[in-house]
Amino acid sequence: HEILAQRIVWCGLFLVIVLTLMRRWRDLSRAIRSAKVRWTFLATALLLSCNMRLVRNIQSRKRSFNPR
């Protein structure tokens, strides 16, 4: 869980830096107000979560099935 938390924090920090340097905060606020964009963000987050869960399950099965 710590790795996931670190990824979230660093990605958020990176996003803040990029949006500030590019002066695109207004674009982000406009995008968040759009229902279509919010649904797209939600779908993307769900797909990424499923993918991460699947990878974790596969890795744990590989560790538990160690023929040595």
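Where does Arg23 lie?

## The loop residue Arg23

Arg23 lies in the loop between α1 and α2. Helices here are DSSP runs of H or I with at least four residues, strands are runs of E with at least two, and both are numbered from the N terminus. The phi angle of Arg23 is positive, about 55°, although Arg23 is not a glycine. Most residues other than glycine have a negative phi. Arg23 has a relative accessible area of 74% and is therefore exposed. On this scale, buried means under 20% relative accessible area, exposed means over 50%, and partly exposed is in between (1.4 Å probe, protein chains only).

## Basis of the report

The model is predicted: local features need pLDDT of at least 70 and side-chain atom pairs count only at pLDDT 80 or more, whereas totals for chains, interfaces and linings use all residues. Residues are numbered from 1 along each chain as its sequence is written, and side-chain values use heavy atoms, with hydrogens and water left out.

## Overall form

The chain contains 3 helices and 0 strands, and its elements follow the order α-α-α from the N terminus on. The radius of gyration of the chain is 17 Å, well over the 11 Å that the globule rule gives for 68 residues, so the chain is more spread out than a compact globule. This radius is taken over C-alpha atoms, and the globule rule is 2.2 Å times the number of residues to the power 0.38. Along the principal axes, the C-alpha atoms fill a box of roughly 55 × 25 × 15 Å.

Of the 68 residues, 1% count as buried. The accessible surface of the chain is about 6,900 Å², and 66% of it belongs to carbon and sulfur atoms; such areas come from the Shrake-Rupley method with a 1.4 Å probe.

## Salt bridges

The structure holds 2 salt bridges, each defined as a side-chain nitrogen of Lys or Arg within 4 Å of a carboxyl oxygen of Asp or Glu. Arg24 pairs with Asp27, with the closest N and O atoms 2.4 Å apart. Asp27 also forms a salt bridge with Arg30, where the corresponding distance is 3.4 Å.

Asp27 and Arg30 are 3 residues apart in helix α2 (residues 25–33), so about one helical turn separates them. Arg24 counts as partly exposed at 39% relative accessibility, Asp27 is partly exposed at 28%, and Arg30 is partly exposed with a relative accessible area of 47%.

## The largest pocket

The largest pocket has a volume of about 510 Å³. A pocket is an open set of points on a 1 Å grid where a 1.4 Å probe fits, with protein on both sides within 12 Å along at least five of seven lines; lining residues have an atom within 4 Å of a point. Of the 15 lining residues, Ile3, Leu4, Arg7, Ile8 and Met52 are the closest to the centre of the pocket.

Both α1 (2–22) and α3 (35–64) supply at least two residues of the lining, and α3 gives the most, with 8 residues. The lining divides into 8 nonpolar, 4 polar and 3 charged residues. Nonpolar covers Ala, Val, Leu, Ile, Met, Phe, Trp, Tyr, Cys and Pro, charged covers Asp, Glu, Lys and Arg, and the others, Gly among them, are polar.

Methods
Points joined across faces, edges and corners; volume = space filled by probe spheres on them.
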